[in-house]
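Please look through the sequence and the model shown here before reading on.

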Amino acid sequence: MKKVKSLLLTFSLVTALFVSCGKNAKDELSRTWKVTEIETSTKLPDTVKDAMLANSTMVFTKDGNYTTTGGIGADQGTYTLDKDEKQLSTVSTSGKSNSVYTIDKLSKEELVLINNGNTVTCIAVK
Amino acid sequence: MGLFDEVNKAVVNQQEQNNFSATLQKAGVAVSDLKVQQNAGKLTVAGKISDAATAEKAIATLKSQAGVTEVVNLLEIEDLSAKNIKMKVVTKESNLNIRKGPGTNFEIVGKAAHNSTVQLIKRMYNDWYYIRTDAGVEGFCAANFLQQA
């Protein structure tokens, strides 16, 4: 009986751990991000890069919506994370176009996304 | 659209600029600050060249590229904006047409009054200038209607 209880407890803990992990990724993403760095597969002139960095933000909400503003472009739509939380998929409201981004880094402070060989780094707005 | 479509678009655009630049280089044509806008086979080419012959060679080279149906030539020989050169409009009586490009085939975007003064901004590949009127209208006009003020 003691062994069964112990197994149940272990199972509960592991389940709780998995659930909390999944929740954390979305929780970590759900905030306002300021775009601080753009690395591209082909070098862009500094003026073009600076214009895209100007006042650029990404906002993700817990209910699965996103909004982008600033030089990076104005857009809004919905997003989902894949099972492994390594990929972020978006569906833009305008034109209903889909995009998939690789999450290179996601913490409470930093978000790094890659798409088409281009990398965008963001820091959390406090 | 998406999270950073503007970045991806800028990269594709830059790759195109690099390809056009490489094509011109291969043809022995030197164009600095090259900017090519592409829209359904129509190229609008801007940049700095040394003379009219180089401009013509550049345009001919770009026209020969696959998928290119038309090339709009906005190549310039010299940026004159810092020199603050004022010229007098010497039309017979009428106002001077200011156009969207350096040629009479471009649409008229404004007028410079007869006997008024305009500032030279750029000297184009042909005998045209990019100018600014006192009223702030900017565009292209033929050099033979301008005289030192």
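Two strands are said to pair if DSSP finds at least two bridges between them, and helices (H or I, at least four residues) and strands (E, at least two) are DSSP runs, numbered from the N terminus. The model is predicted, and local features need pLDDT of at least 70, side-chain atom pairs count only at pLDDT 80 or more, while totals for chains, interfaces and linings use all residues. Residues are numbered from 1 along each chain as its sequence is written, and chains are lettered from A and ligands numbered from 1 in the order in which they are written.

Chain B holds 2 helices and 10 strands, which follow one another along the sequence as α-β-β-α-β-β-β-β-β-β-β-β. The C-alpha trace of chain B spans about 50 × 40 × 30 Å along its principal axes.

| Strands | Sense | Bridges | Facing residues |
|---|---|---|---|
| S3 (residues 65-69) and S4 (residues 75-81) of chain A | antiparallel | 4 bridges | Thr67(A) and Gln76(A) |

A residue counts as buried if 20 or more other C-beta atoms, placed from the backbone, lie within 10 Å of its own, as exposed if 12 or fewer do, and as partly exposed in between. In chain B, buried residues make up 31% of the 149 residues.

Helix H1(B) has 22 residues, which at 1.5 Å a residue should span 32 Å, and because its end C-alpha atoms are 31 Å apart, the two values agree; the expected span is 1.5 Å times one less than the number of residues. Among the residues of H1(B), Glu6(B), Val7(B), Ala10(B), Val11(B), Phe20(B) and Leu24(B) are buried. The cover over the buried residues of H1(B) includes S1, helix H2 (46-53) and S8 of chain A, as well as strand S1 (32-39) and helix H2 (52-63) of chain B. After H1(B) comes Gly28(B), with a positive phi near 75 degrees.

Where the chains meet, 13 residues of chain B are in contact with 24 residues of chain A, a contact being two C-beta atoms, placed from the backbone, within 7 Å.
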